[in-house]
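Colleague: Please take a close look at one part of this model for me, the place where the two chains meet.

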Amino acid sequence: MADGRIADGRIAGGRIADGRMADGGPGTPRTPRTPRTPLHPAAWWLWALGLGTAATRTTNPLLLGLLLTVSAYVVTTCRPDTPWSRSYSAFLKLALAVLVIRLVFVVVLGSPIPGTRVLVTLPEVPLPHWAQGIRLGGAVTAEGLLFAFYDGLKLATLLVCVGAANALASPSRLLKTLPGALYETGVAVVVALTFAPNLIADVHRLRAARRLRGRPDTGLRGLLQVGLPVLEGALERSVALAAAMDARGYGRTADVPAPVRRTTAVLTLGGLLGVCAGTYGLLTAAGGSYGLPVLFAGVVAALAGLRLGGRRSPRTRYRPDRWTPRACLTAASGAAVAALLIVAASADPAALHPGVVPLTAPALPLWPAAAVLLGLLPAFLSKEPS
Amino acid sequence: MIRFENVSVTYDGATEPTVQDVDFTVPEGELVLLAGPSGVGKSTLLGTVSGLVPHFTGGTLRGRVTVAGRDTRTHKPRELADVVGTVGQDPLSHFVTDTVEEELAYGMESLGLSPEVMRRRVEETLDLLGLAALRDRPIATLSGGQQQRVAIGSVLTPHPRVLVLDEPTSALDPAAAEEVLAVLLRLVHDLGTTVLLAEHRLERVLQYADQVALLPSPGAAPLLGTPADMMAVSPVFPPVVSLGRLAGWSPLPLTVRDARRRAGDLRERLEGRETPRRVDTPPAPPTGLPAEPQADPPARRRFRRPPPAPSASAAPAEARSLSVRRAGVQALREVDLTVLPGETVALMGRNGAGKSTLLNTFVGLVEPSAGTVHVGGLVPHRTAPRDLVRRAGLVPQEPRDLLYADTVAAECAAADRDAGAAPGTCRALVSDLLPGITDGTHPRDLSEGQRLTLALAVVLTARPPLLLLDEPTRGLDYAAKARLVAVLRGLAAAGHAIVLATHDVELAAELAHRVVLLAEGEVIADGPTAEVVVSSPSFAPQVTKILAPQGWLTVTQVREALREDLREELPEDLREDLREDLR
């Protein structure tokens, strides 16, 4: 098939293209905030996971707050203008919910932290003897509450960091970097992932339609009544999408000679067995000597199997993401934050885990704080070099 | 290129084949139009070409379909992906990735083209379809026309030898439709691509078709022939053919240009006739009070306006310097619009010009960021839905969104409850608008047109003085459209104010007293239909183009004028002929 075929059409079609550039209304192109070459998605995930790891090393609310600020600042400056990037606020809400639930549990179920400052005493529900060790109600102490807050904040920060990665590089882009043999599975996962946002859009649309029927468009009942039509619609769309994907060549396979197929199967299976045996060896006391080499061999065999398996899929990659120096620096900055906080946590545990008994105001440890600020690096790197 | 050999398709559970005795060949490099009323199996026939029928949909295919020498019985859709490009009715369900550029590359990635080729073709296709400015945009944020172009682009990049398109221009404004068709024509002429497409809006496509495959009725064998021959026998035909049949031209004209060259004597006969006006007069200009409902036939009694709203003088719909910003986009800018009782207004303009947003503002789904909106004296977004349905009713683009129940009867009962109307009100409306629908039918099993009418009946149950319709003719054939026109005319005569957002110029010409053109969220023209559409080449209906400079809009008007003619001028035998035609 000659590749120059459409080129002829383009010349003649140029008039059309020009006429349509200034498309109307919401179609009007906005100045893109997305840098032309977005960073490698894995770089963003490494960076965000680095911040998340750092968050697990400390309960100091000042450091955690600093981590939150750093990630939020980077997200607001660097996130591309895509539907995915709006998921950040959803993650913020989720993090807040986690924090609140943690506090509610402490209030209702009490806390193991021995506190002296009783804020309020709830009526205690007597429980039968077999439920010993569980308490409902009772005294709520400031110490217990504060400990739960620190703990909850740690988890919330971790969640927000994952949300940041989600907003900066959509998981679908990350899945695209999978090796060829896993690509089809990756696409299936991506489609499954877009199921949720589409479902939410459907719920919005159908609740709006309820308003047109003169029923209240808010409230739980409204949500429940649109449930069935929403699911129906989602199913129908999934089937239509599957048909479209099939018609566009999803799942095409290339002819692979039988020996290669067999080798692939042997390598993959053998590799997986090797990984299992190696892990078992590492975990048992006796297998310390053979564990590591077997694990290594297993991983190598599995990778080779994947690579060979990729031959069965004829697909190629359009503009694959590249590891640019910016991407490396971004990933490195996240890793550095994680590494430095791990070091700090072992060097000065007291500063990173402020005590709650007795109650003390947490102090900001200077050099761990400076380490956290390293995470801001991508905000200055990712700007479009115009 | 595509060969159907004695093909018939029977879906599982169906007693009759959906299509049968299909036996024709589509030669390489031709654009073949598949025409016919709704529900004759056009989509099924298209599906057999890509192999989706029966590999994906199930059912039994008898006979044989070969595409570029490959038998679809032995080749799965994915194995035909490099020769057949398919775009379905709903472009949104076609997209696999999130952004325009990745979507264009997806098909090529599946086929394993080299990165350099892919890059070049993506750039070429972006230019060919005018998508270059949108390349990084998430597909979900594009307008309907843009999405349609992306969908076509995404199947063009692998350079298929056959393109199969199901209603490619239905969702598009006239200009965007012209563009898409120009692209298709370019592909056919320059690259020798074979195109098979189904379309209800024949007035847009017919002139480009090399051949027409006509499916006259469900289960009937398709006829293949030149467009002119097929139009002579077709149950569906565009206004230009309708005018040609009326005037007795043979062979039938297919393009406005053909018809204009023949129309000399028709123009002469129409010369000096009363300047065409709508048969039903538009309402009087505002005098402070809404016009009294005109005397209407008893059957239409239930469409009468309800008792006046609290502020009796309030117009059914009124927007004053209305601006709306949504997700950082200025969707409407300083729009002023007043709709009077009994008036029909057509909102027209490009895809994404703000038509739907304006309609949504009138029912309170969108809150104005500046300016005011009043519907019968109430502010829509601050009114409880229960009260609002008695002031304004919207039939959305996808009428199915309005229907929840699993039978027509249940749907009607729910509508009565929602509207606080007497039980049986909605069912009576349905029987009136849509005779022959049984209570037990599932709304999903209705045809597009029937579903639209059911949604219309549901909305009308609350007897709103203001009726809004968003793209009501998408997917309707000419017969369904004519029924809709009759229903809406009756409603307007009974005093309902009607606003339709539409790309269908023929519908606007038939129905609207007034046309409002929107561009980039601003009103750029607002006036009587005849004035606005006649002055615009892309919004002028075919009859106007043919009979210009006389201001006729529709075949109906011409027919009315000729009916008067009939009494005086024609010799007896010709008069008989014409009478036959008129019937």
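Modeller: What follows is a description of the interface between chain A and chain B. This is a predicted model, in which local features need pLDDT of at least 70 and side-chain atom pairs count only at pLDDT 80 or more, while totals for chains, interfaces and linings use all residues. Residues are numbered from 1 along each chain as its sequence is written, chains are lettered from A and ligands numbered from 1 in the order in which they are written, and side-chain values use heavy atoms, with hydrogens and water left out.

The contact (heavy atoms within 4.5 Å) involves 70 residues of chain A and 90 residues of chain B. The size of an interface is often given as the accessible area lost when the parts come together. Here chain A and chain B bury about 7400 Å² between them, counted with a 1.4 Å probe and summed over both parts. Carbon and sulfur atoms account for 55% of that area.

The interface of chain A and chain B also holds 10 salt bridges, a salt bridge being a side-chain nitrogen of Lys or Arg within 4 Å of a carboxyl oxygen of Asp or Glu. One salt bridge joins A:Arg213 to B:Asp418, with the closest N and O atoms 3.4 Å apart. On the side of chain A that touches chain B, helix H1 (5-21), helix H6 (171-175), helix H7 (180-212) and helix H9 (227-247) of chain A each supply at least two residues; helices are DSSP runs (H or I) of at least four residues, numbered from the N terminus. H9(A) gives the most to this side, with 13 residues.

Note on methods. Buried area is the accessible area (1.4 Å probe) that two parts lose on being put together, summed over both.
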